[in-house]
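This report describes the architecture of one protein chain, starting from a single residue and widening to the whole. Please consult the sequence and structure below.

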Amino acid sequence: MIDITQKTVGGVEMTALRFGTDKFDIPVHLMQKEREACILVTDEDIVSFPWNGVTKDKDGQYLLLDKCNLEDIWTLSTTNRERALDLVRKTALGIKKGGKKFADLSTGIFPLYRIYIKDKKDILILPEDAASILAVSLVRSDMDACSKDLTKKDTEVGYTLILEMAELLYFASSGRFPYKDEEVRRSGYNEIPLEFYTPLLDEKTSSFITSTLSMKERNQRKISGNNGPEKSIGWFIDSTESLTWNLKNRTEEEKEIEAKNTEDNEEFKKLWKEKSRKAKTRKFWAEKGAVIAVTVLIVGFVSYFVGNWLYQTFRPPVTRDLSQSEIIEHMYSCQNNLNATELDEGFKGDVAQFNEVLNLYVTSTTRKAYEYIDAITSAESWIEEGKPSLVKDTWVYGVIPISITETEENHFVAKTEWYTPFAFDDEAEEAYGEEAGFSRTFIYEVTQEFDFEWNKRGWWVCTKNEITDYNLLSVEYTPYLENTI
């Protein structure tokens, strides 16, 4: 991140933001125009604050400001945590005051290297020209931390700043940004609930942060309307005016201890494990290039479902005459047969492995059409045949049901073995790398739980299902057939 220090230039002591070595060349166009002023937001007013050019010495180059006590925005989660709500509101006020020209949200995010905390109570925001000088020297990881890690898919343009301000409050409370981790981004952008973090944030404030982060697009549009994000941020300022903030400052060490306590919580581990599994699955398909094929298939599905909406909505599901356990058995049968259509009809797409089966079906169908080979070998048949060698670049996939038990009224727990070509988490992926000439198969013991209720129209409906646990049993490497290598 940006180093903040003090430099004496021409006998005057100034605050300096280090942005590069003395050999780093600043693009000429950044220094040719008249300097814009920073925005300083205090308890009393919003005023201009000058920056004084750049200087350099043997240790690096520096952007100069009038001498002041300056800290970066990352201290919101530590030494400036007790005033986080006030400081984030002042950030929103400063951006709103600066307007569209000052904000320049070409990336959809107001980059964090533009925001600083002055005297532990005020907010200093760098103008675009000064910030550009810092930005050109940032390494990729720092640039991502200041902008990319804050992005969230399916966010309306006018809502981006509101979302970012809520993310800063989440960060101040938890010590992590909600969408920074790949496990969160690849598993649907569902952040870790704030109740996992201690001490607990005020309930009203916590609820506001959560609802703002999870706001549906239609509601985002209602809030932002046709306004740009620098105007829509007024909604955040108004909505947070009555909130309270009950968290205290902490050291970096205390922050790390609290984070470890959170991550050692069994419920947290369970949630993170499932997010990791989903993330690894999606990463696998992205890397294998199935995304394009899936898009084509989804377009076809959308056209089909729109044209037959009433019929699909009101007709009985294929599972209407089955008992609860038979519905679960049918689901696993569809999974093994890559029958995404019946899986969707029986569970209306609301089943943990639906996207996985859909991806496999598309991959299998596409390769059959263009390469005349079946890319997916059924785990059941592969085991029955003694686990023979496979055609090059093909995989084993399938589920072997072990038990289906009703543990409570209308609540069922299924134990299964899954054979998949991808790992559910990074540890397994790193421990068992791919080997040339072999097809890799991960074998997991998977626990999946289901809730059912009796539909008024006369059949059982699965109202909830989720994978609650998985354990890696083994990893097998099956050689490709010699004439296909």
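## A serine and its contacts

Once neighbours within four places in sequence are set aside, Ser206 is in contact with Leu194 and Leu201. The model in which these contacts are found is predicted. Ser206 belongs to helix α7, which spans residues 203-213.

Is Ser206 buried or exposed? Its relative accessibility is 14%, and because buried means under 20% relative accessible area, Ser206 counts as buried.

## Nonpolar cores

The largest nonpolar core comprises 77 residues, and Leu65 and Leu76 are those with the most contacts inside it. Helix α5 supplies the largest share of this core, with ten residues. Apart from this core lies another, of 36 residues, which includes Phe354, Leu360, Phe424 and Tyr470. In soluble globular proteins, nonpolar side chains tend to be buried together.

The surroundings of Leu76 can be listed in detail. Not counting residues up to four places away in sequence, Leu76 touches Arg81, Ala84, Leu87, Val88, Ile117, Leu168, Phe171 and Ala172.

Asp154 is not a glycine, yet has a positive phi of about 60 degrees. Asp154 is placed in the loop between α4 (140-146) and α5 (160-174). With a relative accessibility of 48%, Asp154 counts as partly exposed.

Leu338 is likewise not a glycine and has a positive phi, of about 55 degrees. The loop that holds Leu338 runs between α14 (324-336) and α15 (340-347). Where Asp154 is partly exposed, Leu338 is buried, its relative accessible area being 11%. The cut-off for burial is under 20%, so the value of 11% places Leu338 in the buried class.

## The chain as a whole

How many helices and strands does the protein chain have? There are 18 helices and 14 strands. The chain contains 485 residues, of which 48% count as buried.

Contacts between residues at least 6 apart in sequence give a further view of the fold: 68% of them join residues at least 24 apart. The accessible surface of the protein chain amounts to about 23900 Å², and carbon and sulfur atoms account for 49% of that surface.

Conventions: Residues are numbered from 1 along each chain as its sequence is written. This is a predicted model: local features need pLDDT of at least 70, side-chain atom pairs count only at pLDDT 80 or more; totals for chains, interfaces and linings use all residues. Side-chain values use heavy atoms; hydrogens and water are left out. Helices (H or I, at least four residues) and strands (E, at least two) are DSSP runs, numbered from the N terminus. Buried means under 20% relative accessible area, exposed over 50%, partly exposed in between (1.4 Å probe, protein chains only). Contact means heavy atoms within 4.5 Å. Accessible areas come from the Shrake-Rupley method with a 1.4 Å probe; for residues, only the protein chains shown count as cover. A nonpolar core is a set of buried Ala, Val, Leu, Ile, Met, Phe, Trp, Tyr and Cys residues joined through side-chain atoms within 4.5 Å.
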